[in-house]
Amino acid sequence: MSKYTMHVLVCGGTGCISSRSKEIVENLNLHIKEVGMEDSVQILTTGCFGFCEKGPIVKILPDNTFYVQVKPEDVEEIVKEHIVKGRKVERLLYVNPTTSDSVSDSKHMEFYKKQMRVALRNCGFIDPENIEEYIARDGYGALGKVLSMTQQEVIDEMKKSGLRGRGGGGFPTGLKWEFAYKNKSDQKYVVCNADEGDPGAFMDRSILEGDPHSIVEAMAICGYAIGANRGLVYIRAEYPLAVKRLETAILAAREYGLLGHDILGTGFDFDIEIKFGAGAFVCGEETALIHSMEGMRGEPTTKPPFPAESGYWGKPTNVNNVETFANVPVVFLKGADWFSKIGTEKSKGTKVFALAGKINNVGLIEVPMGITLREVIYDIGGGIKDGKKFKAVQTGGPSGGCLTEKDLDTPIDFDNLIAKGSMMGSGGMIVMDETDCMPAVAKFYLEFTEEESCGKCTPCRVGTKRLLEILEKIIAGNGTMEDLETLKELSQVIKDTALCGLGQTAPNPILSTLEAFEDEYIAHVRDHKCPAGKCTALLQYNITDKCIGCTACARICPVNAISGSPKQQHTIDQTKCIKCGACMTKCRFGAIVRE
Amino acid sequence: MSCESCKNELAREMYAELEKFIDELPEKRGALISVLHRAQSIFGYLPKEVQAFVGEKLNISTAQVYGVVSFYSFFTMEPKGKYPISVCLGTACYVRGADKVLEAFKNELGIDVGQTTSDGKFSLDALRCVGACGLAPVVLIGDKVYGRINSAEQVKEIIKEYQD
């Protein structure tokens, strides 16, 4: 590596590959060769940089130049100008939207300033398919350190770090390991939950694609701590790139003696195999996940017994999520004291969020626990898209809830989010603006949970269906005030009686939107209006006196609902109108309004 | 592949490939889902006969196989089109108008979600999050990702690419 004087990093995450980043790499190779610099310039395909909104990203080291929205056609200019002559290609630099200045160094970009990368430390820095690059950044150093400690010491260090499960529950990781450690058995298992099912969250995928070795290393550490010699990664079959990179990592680790028999000569054996999921949200629940790994329907079972006691094939099993594992090597490299200094009193470390929706800087961010929503949305996220007004942010996916204007200054951590009626979940953060209708958002999530309910317990199977029916009724303008009461009551019953986390949290999107936006529900029910202008059934198109009677609208209307004589104000027959909006688009005089 | 015997020949080869995969498994216990993944990649879908074959080979009932096939959304009992279209309905895509994109595909192809066009060319599905939220709304055709789709015209253009 030392012979290279310049490194060109190209994002090879799923988002950027979809925007032709592979062709960028091909062109780079071609043009670098053309100028004869292939011995001094290294081209690397890395994991996700996080700034997906501006992808594909190309970063040049050592000067840290950050090019955004690069097209394969731009490569020649980058090579000839920047790499050969040292002149930056101004037009490809990121432009700060508030000051209109172009920013060349990513360290000075608002998007990165407040971030702190622990779990994503290697994403966007190393070639995920090359184990040497991981090792060069202290990779497998934590495993080496751990293997000279006793199992109890490893667990104590984990407990001291305060790391809590990043998959949603927030259970203390060290404590979980201790349970599995204390259950004696001839065979134990370590499972990595990579069945990322929350629609709108993609951090696990990015970690597996960008830094697969950190997961391999962490699983080996966990295996040593609890006394397991077999690890399994349960991963979505829909993530082919992540699977491929993980497979490559496992093979390389075996080759280097970092997996397999007698690791680093310590007598510790550990190996990892991959198990595929097949698309079932409920399999994120650990008992359901275990049944799915056993080749069965992924239905949850009651706890206790916990997997730490009786898990995969009835043996003690420790299940942790991808992001949780990604933090583990850092805890041992930098020490539990270092780790526990980050964050809030009860939530230590950082959290990765997938920031998406109506926000300027869509992407994957990692921030210290305790940061406020305002900082995330306005500083890192760059504010709301198209200058619209902020309305709410949804966290925790289908199990979470909405946070509003009044929560903008609340420090984000596990406990505060729950106190606000939402939850951390896996870290999806969807920003919504004034044009988003909250009952419709609640319906969107209920459609999801109703479909994903495994059907084992009645409260979830039937309850989510009934909730969805009531929401559909409200959105169609046929709701009653009693329906709102029923929604609340039924939600509570489901929360109290459902078998697993999926059902117990399914009503959260309804309860939290009802709490914060009750007037919006009432407007749908009592006034038959959708304040956000989203629910088609409640919209009405009217022609105002600006109409000059040009007849254009009447001619475009597909159902002949518009009538009127030429040069006279036209009218819309509301009983015929299908609310397609064609007339409004056609009218050149702004005479048609939607209410 | 118009004659019956050629079809049978092809089917025989596919069954042989699946059988070989199952026979070479180090452990049959708990292997059902991996076997079904393999079977679907060979046959393109999981018809009744394939499910019965898998059950027999793994020594479990067809009912149990069907129970698993019908539980997971990744498995399908209907053949997919030559170009399977999946519209992402994850939250990030939804708030950026994925529902309208789905409508546009339905109108353009004249089929509903889960159906295949009569010429066997396109099938339409909805899926939840491919993790390319920066490009929302996103559509997948086969493995190819199309991002930032915001008009019915764009949908028409995309379909045109596949009309040879």
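**Entry 1**

I started with strand β7 (residues 189-194) of chain A, which pairs with β8(A) in the parallel sense over six bridges. For the record, two strands pair here if DSSP finds at least two bridges between them, and helices (H or I, at least four residues) and strands (E, at least two) are DSSP runs numbered from the N terminus. I looked up one bridge: A:Val190 has A:Gly231 in β8(A) as its partner. β8(A) is also joined to strand β10 (residues 268-276) of chain A by six bridges, again parallel, and there A:Tyr234 stands opposite A:Lys275 in β10(A).

Then I checked how covered β8 (residues 230-235) of chain A is: five of its six residues are buried. A residue is buried if 20 or more other C-beta atoms lie within 10 Å of its own, exposed if 12 or fewer, and partly exposed in between, with C-beta atoms placed from the backbone.

**Entry 1: ground rules**

This is a predicted model, where local features need pLDDT of at least 70 and side-chain atom pairs count only at pLDDT 80 or more, while totals for chains, interfaces and linings use all residues. Residues are numbered from 1 along each chain as its sequence is written, and chains are lettered from A and ligands numbered from 1 in the order in which they are written.

**Entry 2: chain A as a whole**

I get 24 helices and 20 strands for chain A. The C-alpha trace spans about 90 × 65 × 40 Å along its principal axes.

Buried residues make up 55% of the 595 in chain A. Of the contacts in chain A between residues at least 6 apart in sequence, 71% join residues at least 24 apart; a contact means C-beta atoms, placed from the backbone, within 7 Å.

**Entry 3: two open sheets in chain A**

The four-strand sheet is open, with mixed pairing and the order β2-β1-β3-β4 (chain A). β2 (41-46) and β4 (65-67) of chain A are at the edges with a single partner strand each, so one side of each has no neighbour in the sheet. The twist averages 20° from one strand to the next. I took angles as running from 0 to 180 degrees between N-to-C directions, with axes being lines fitted to C-alpha atoms, for helices over the stretch in contact. Strand β1 (residues 6-11) of chain A runs parallel to β2(A), joined by six bridges, and A:Cys11 has A:Thr46 as its bridge partner in β2(A).

The five-strand sheet is also open and mixed, ordered β13-β12-β16-β14-β15 (chain A). Its edge strands are β13 (363-368) and β15 (401-404) of chain A, each pairing on one side only. Here the twist averages 30° from one strand to the next. β12(A) and β13(A) are antiparallel over six bridges, with A:Val352 opposite A:Glu366 in β13(A). Helix α15 (residues 373-380) of chain A packs on this sheet and touches β12, β13, β14 (390-395), β15 and β16 of chain A. The helix direction makes about 115° with that of β14(A).

Most residues other than glycine have a negative phi, and most peptide bonds are trans. Which exceptions did I note?

- The bond from A:Lys303 to A:Pro304 is cis, with omega near -5°; A:Pro304 is in the loop between α12 and β11 (317-321) of chain A.
- B:Ala136 and B:Pro137 are joined by a cis peptide bond with omega about -10°, and B:Pro137 lies in the loop between β2 (122-127) and β3 (139-141) of chain B.
- A:Tyr140 has a positive phi near 65°; with 22 C-beta neighbours inside 10 Å, A:Tyr140 counts as buried.
- A:Lys567 has a positive phi near 65°; with 10 C-beta neighbours inside 10 Å, A:Lys567 counts as exposed.

**Entry 4: where A meets B**

I find 36 residues of chain A in contact with 29 residues of chain B. On the chain A side, α1 (14-18), α12 (286-293), β12 (350-357) and β16 (428-433) each supply at least two residues.

Notes:
Contact = placed C-beta atoms within 7 Å.
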